[in-house]
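Colleague: I would like to go through this model feature by feature. Please give the general idea each time, then the case at hand.

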Amino acid sequence: MSSKIGRFPSGNPRTIKIQKELSKRSLDAEKLVYCYECGTCTAACPVVKVFPRHYNPRVFFEKASLDLEKVLTEAGLWLCAICYRCHKRCPHGLKLPEIFLSLREVAVEQGYLPDVPSKLEEILTILREEFPFPLVYSWLCLRPCEEESKRSKLDNLVLDVLQRSLADYKKKEVAPLPKVHREKLAIIGSGPAGLTAAWELVRMGFQVTIFEALPEPGGMLRVGIPEYRLPKEVLDVEIEYIRDLGVEIRTNTTIGKDLTFNSLLKEYKAIFIATGAHRSRTLHVEGEDIEGVVHALDLLHQANLQKRPRPGEKVGVVGGGNTAMDAARTALRLGAKEVNILYRRSREEMPANPLEVEEAERDGIKIHFLLTPRKILGKNKQVVAMECIRMRLGPPDESGRRRPIPIEGSEFTIELDTTILAIGESPDVSFLPEEVELTEQNTIVVDPLTLETSMSGVFAGGDVVSGPATVIEAIAAGKTAALSIDRYLREGGV
Amino acid sequence: MILLTEDSSVLVIGGGVAGIQASLDLADRGFRVYLVEETPSIGGRMAQLDKTFPTLDCSICILAPKMIECFRHPNITLLTYSEVKDVSGSVGKFAVKIIRKPRFVDETKCTGCGTCTQKCPVVEPSEFDVLLGDRKAIYMPFPQAVPRIATIDKDNCLYFTRAVCKICQKLCQADAVDFEQKPQEITLNVSAIIVATGFDLLNPSVINEYGYQRYKNVITSLEFERLANASGPTGGHVTRLSDGRIPDKVAFIQCVGSRGLGRGVSYCSSACCMYATKEAILIKEHEPDSEVFIFYIDLRASGKGFQDFIDRAKENWGIQYIRGRPGEILEDPRTKDLIIFCEHTVSREVRELRVDMVVLCPAFVPKESNKKLSENLKIRLDEYGFFKNEDSMLAPVDTNVPGVFICGCCQGPKDIPESVAEASGAAARAVEVIALTARKEAQ
């Protein structure tokens, strides 16, 4: 198969070089010939929802096989958010995000893009048209490496552009947008979904107020994403920009405590709930409440507030999602000597983004599969060990993944001094009135197309509806909600 | 133990359309046939279907006469509710042990009057109706079942579970109910064996984003067939499982678990393009004002008259074919409508489509029991778990064991005409074996 290297045209020596480069990066190159162009990738892609004119992964991939050199110069190449939704749904499991990542690097390293900075500027302009935090998004999706010594040529170019852009942003004087409508709108939560909706609505001429429970706005962007992936300064600057446009952000205001939901209903014509999923799930095992057991979100939160929590030397992280990876890597950066991740299924079923997993492993974190904790053992009220049991995989459950089944009698003990639980997050919806219908998973029931809840004039989107998901999905939800709210206010219906 | 001996007899395993065809071919030529079927009635998958493509004939109307012929044919012995336990010997002289599972109804006495099934107080989901309809604990799987003999489901019968009731026994005028029946083992000596055990459908919940079993109005094509069938659980009304409403908009999704290297299977299930077209037309026949969509990757209309059938579906029936495999289906939690996210790959547009019902066309997969049967018969399985033929071009129904033949969907997905053709082929090959064995013995 290696002679064919997928579907890319051969003949042109430069193209051959790129092909070799791609296959060297072991991208399942032989699988590429099987793409039937079914369109699943594009249909599932949240980036397509936000940039329908600029991005279509299927067409992009197809173009790559027709005119690779041209593709390397196109803007679409830089828009993929590396969320892996396409990979999870692709009948052949093609890793399109990794192909696009490699193509980006190839484009820069092989000199196909002589003027990378202006290309990146062009991308930022495209991003800026659709949502208010192009720099945050670029930082997360273009992923410049944190360590200077390990940065590639591309990483350095990206960082240069982003930092220059950041400096420009700071200098820019922004005038508030005119309010052409009388209606006042409330948004609960200042994460990516809430901020995007606020920005869209303020541009339409509405008066928008965001309520944020935490002392600083940003939601998961601030408290969930570690500093090494997104410097807080970038977030601050872009939120400042949204504020300058005329969005009022009231921090330290918890709905249900400082203000009631009903009082919002009286004052505001429409409400968008974008409170995210901040409540950590519990493991329901013995010893979960002893000293040294922490929830991943709490650890990330504290680390992000520069409180520098001190995990122990030997850390065990339970879970297989992106939060588990972030928590493990953060623990390592906070001084842990040894970090082990325990996941109850196998690598294939891991919900974490494969690239995050790879990076965690590159950091020296070990991932152990088919294990689950049975008991957390303490001594003098301090964690000393964890009793685990081995699992095997049974038939698929309703999530479509194979269900883990404990193998009785396979218990064993791991010594550690800190246990980080990262077994999922769910929304906290206790502040909502009964009229807002909830699902069994405690997420809010909405019309999938308009995001309207069971209460007229109340909309919801982002993690509070979908459960933990990615930034780009929250952005897409924020945009949809803004359109629906506008339609609701002008036409009296969605 | 009863020992049956017959000089030129053939065992057919599986009573679907392929097994029935092979049995009739052989029996008509004067050979003795034992037709073994594991469920209480012959008929198989085809009996579950409402109509057939491309002629839109009533499926059971074509099959039922053949089923009855099997029952009445002097050369065919029907061994329903039976399983092959063990096979020994070689071509010309196989010895096959068969377990006759107890029906708890005497086959020689039961007249099939149905009184017991009417009066039985226990209601259980019907396997024949893909668990959408009900049956009793004493039951005949479907109205045209052959043989027309009741069977007691031991796991749910009140007498077996709680030692009460016995209503069926009290009411049976033929005195056929026999709670004391035991499994019976018989040994058959046969010259050749034909395997026609059919296929299963993939449980589409592994393709998680389509929401099967999470969303009530996402059903499989086989469930659709039962809903569309006049003897099915809704009396032939295709209705939504969430509220019983007749859907205005229905979408079919092709290649659910087929043609992939990840979840599901890598091969094409070959019949879905056509049966989805047929089912789409059925909806239009029932409700001419409804809108029907078929989401496909490639339309594979490779049989005789098949392309015409699809053209007719488009032109005469107004069925909308959309090239693109949906990436996600979401349910509107209030109306239980479904929203399909799909790229129309021809126009390169990503669109959302709100429909009332989604029918998934899941991959054909090998039966789990194939493994055990392959060990018993010492025949090979292919990489997917279907029975493997000797040479797909020149010996399509032969196996690695002389005298054992395979036909129908047990060796790979196919439609009814192909299954029937293979069945006749397998019957002809079995006759050859018998003739050769006879000649050898004569020498």
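Colleague: How many salt bridges does the rule find across the interface of chain A and chain B?

Modeller: As a general idea, side chains of opposite charge can pair when their charged atoms come close. In this predicted model, four salt bridges are found across the interface of chain A and chain B. One pair is Glu343(B) with Arg58(A), where the closest N and O atoms are 2.8 Å apart. Over all chains the structure holds 65 salt bridges.

Colleague: Which residue forms a salt bridge with Arg53(A)?

Modeller: Arg53(A) pairs with Glu129(A), and their closest N and O atoms are 3.9 Å apart. Arg53(A) sits in the loop between H3 and H4 of chain A, while Glu129(A) belongs to helix H8 (residues 116-130) of chain A, so this pair ties together parts 76 residues apart in sequence.

Colleague: What is the area buried between chain A and chain B?

Modeller: The size of an interface is often given as the accessible area lost when the parts come together. For chain A and chain B that area is about 2,600 Å², and carbon and sulfur atoms give 55% of it. Tyr36(A), Pro448(A) and Leu449(A) supply 21% of what chain A buries against chain B, more than any other three residues. In terms of contacts, 33 residues of chain A meet 31 residues of chain B.

Colleague: Which domains does the assignment give for chain B?

Modeller: The domain assignment of chain B gives domain 1 (9-101 + 183-199 + 366-442), domain 2 (115-171) and domain 3 (203-363). Domain 1 of chain B and domain 2 of chain B have centres 28 Å apart, taken over C-alpha atoms. Each of these two domains puts 12 residues into the contact.

Colleague: What do domain 1 of chain B and domain 2 of chain B bury between them?

Modeller: They bury about 960 Å², with 72% of it on carbon and sulfur atoms. Pro40(B), Ser41(B) and Gln48(B) supply 44% of the area that domain 1 of chain B buries against domain 2 of chain B, more than any other three residues. The count of salt bridges between these two domains is zero, and three residue pairs are in polar contact, both residues being at pLDDT 80 or more. On the domain 1 side, helix H2 (44-48) and helix H3 (59-72) of chain B are the elements that give two or more residues. H3(B) gives the most, with four residues. That side has nine nonpolar, three polar and no charged residues.

Colleague: Which peptide bonds in chain B are cis, and where is the phi of a residue other than glycine positive?

Modeller: In general, most residues other than glycine have a negative phi, and most peptide bonds are trans. The bond from Phe53(B) to Pro54(B) is cis, with omega near -5°, and Pro54(B) lies in the loop between H2 and H3 of chain B. The bond from Val146(B) to Pro147(B) is also cis, with omega near 0°. Pro147(B) is in the loop between strand E9 (138-139) and strand E10 (151-152) of chain B. As for phi, Phe104(B) has a positive value near 65°; Phe104(B) is in the loop between strand E6 (93-100) and helix H4 (115-119) of chain B.

Colleague: What ipTM and pTM does the predictor give the complex, and over which residues does pLDDT stay under 50 in chain B?

Modeller: Where pLDDT is low, the predicted coordinates should not be read in detail. For the complex, the ipTM is 0.88 and the pTM is 0.91. Chain B averages a pLDDT of 94, with 98% of the residues scoring at least 70. Its residues 1-6 stay under 50, and the model has 15 contacts beyond four places in sequence for them. Chain A averages a pLDDT of 89, with 93% of the residues scoring at least 70. Over residues 1-6 of chain A the pLDDT is below 50, and that stretch has 10 contacts beyond near neighbours in sequence.

Note on methods: Residues are numbered from 1 along each chain as its sequence is written. Chains are lettered from A and ligands numbered from 1 in the order in which they are written. Side-chain values use heavy atoms; hydrogens and water are left out. Domain bounds come from an automatic or database domain assignment. Contact means heavy atoms within 4.5 Å. Buried area is the accessible area (1.4 Å probe) that two parts lose on being put together, summed over both. A salt bridge is a side-chain nitrogen of Lys or Arg within 4 Å of a carboxyl oxygen of Asp or Glu. A polar contact is a pair of N or O atoms within 3.5 Å; within protein, one must be able to donate a hydrogen and the other to accept it, and residues adjacent in sequence count only if both atoms are side-chain atoms. Ala, Val, Leu, Ile, Met, Phe, Trp, Tyr, Cys and Pro count as nonpolar, Asp, Glu, Lys and Arg as charged, and the others, Gly among them, as polar. pLDDT is the predictor's confidence in each residue, from 0 to 100.
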